[in-house]
Amino acid sequence: MEKHFAKNITIAKLSEISKMSETTFRRTFKKITGSAPIDYLIHIRIEKAAEVMREKPELNVVDICISSGFENCGYFARKFKEIIGVTPIQYLRKQRR
């Protein structure tokens with residue numbers, strides 16, 4: 001997931017790769033990581049987005065959102081604030097200073 005975070009990753013595909021049923025995959029994944037697969041993926045995507053903002057503060061939020069694997073920038077902004085504590089725009093402005 002860390003390597004392909006920006007791609008369309010589905011539980012069906014992950015369970016197929018791991019040769020488990022979807023239910024077994026979800027249960028095993030949560031047991032190992034402590035998170036549901038989708039929550040884990042969202043966390044990775046947000047962390048990568050924050051990393052891009054630190055490294056390339058000249059980029060805009062929409063480009064960062066899309067390159068991080070999100071299709072909906074409103075959802076990205078909500079999750080970003082939930083995980084990082086500020087909105088993507090606030091975080092990006094801070095990096096530009």
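Q: Which residues of the largest nonpolar core touch the most other members?
A: In this predicted model, the largest nonpolar core has 13 residues, and those touching the most other members are Ile46, Met53, Ile64, Phe70, Phe76 and Phe80. Two or more residues come from each of α3, α4 (61-67), α5 and α6 (88-96). The most are given by α3, with five residues.

Q: Which residues does Phe76 touch, not counting residues up to four places away in sequence?
A: Phe76 touches Ile46, Ala49, Met53, Val61, Ile64, Cys65, Phe70 and Pro88. Contact here requires heavy atoms within 4.5 Å.

Q: Which residues does the second, separate core include?
A: This core of eight residues includes Ile9, Leu14, Phe29 and Leu41.

Q: What makes the arrangement of α3 and α5 roughly perpendicular?
A: The axes of helix α3 (residues 37-55) and helix α5 (residues 73-84) cross at roughly 85° and come within 10 Å. Angles from 65 to 115 degrees count as roughly perpendicular, and therefore α3 and α5 are described as roughly perpendicular to each other.

Q: Which residues form the contact of α3 with α5?
A: From α3 come Ile42, His43, Ile46, Glu47, Ala49, Ala50 and Met53, which meet Tyr75, Phe76, Lys79, Phe80, Ile83 and Ile84 of α5. By class, this contact comprises ten nonpolar residues, one polar residue and two charged residues.

Q: Why is Cys65 called buried?
A: The relative accessibility of Cys65 is 0%. Buried means under 20%, so Cys65 counts as buried.

Q: Why is Cys73 called partly exposed?
A: Cys73 has a relative accessible area of 28%. Partly exposed covers values between under 20% for buried and over 50% for exposed, so Cys73 is partly exposed.

Q: How many disulfides are counted, and by what rule?
A: The count comes to zero disulfides. The rule asks for a pair of cysteine sulfur atoms within 2.5 Å.

Q: Is Ser15 buried or exposed, and why?
A: Ser15 has a relative accessible area of 4%. The limit for buried is under 20%, so Ser15 is buried. Ser15 lies in helix α1 (residues 11-17) and touches Met20, Ser21, Glu22 and Phe25, not counting residues up to four places away in sequence. The C-alpha atoms of Ser15 and Phe29 are separated by 10.0 Å, the two residues being 14 residues apart along the chain.

Q: Why is Ala36 called partly exposed?
A: For Ala36 the relative accessible area is 23%. Buried would require under 20% and exposed over 50%, so Ala36 is partly exposed. Ala36 lies in the loop between α2 (22-33) and α3. Residues up to four places away in sequence aside, Ala36 touches Phe29 and Lys30.

Q: How many helices and strands does the protein chain have?
A: The secondary structure comes to six helices and zero strands. Buried residues make up 30% of the 97 residues in the protein chain.

Conventions:
Residues numbered from 1 in each chain as written. Predicted model: local features only at pLDDT ≥ 70, side-chain atom pairs only at ≥ 80, totals over all residues. Heavy atoms only, no water. Axes fitted to C-alpha atoms, helices over the stretch in contact; angles between N-to-C directions. Helix = DSSP H or I, 4+ residues; strand = E, 2+ residues; numbered from the N terminus. Parallel < 35°, antiparallel > 145°, perpendicular 65-115°, else oblique. Nonpolar A, V, L, I, M, F, W, Y, C, P; charged D, E, K, R; others polar. Core = buried A, V, L, I, M, F, W, Y, C linked by side-chain atoms within 4.5 Å. Buried < 20%, exposed > 50% of the residue type's maximum accessible area, 1.4 Å probe, protein only.
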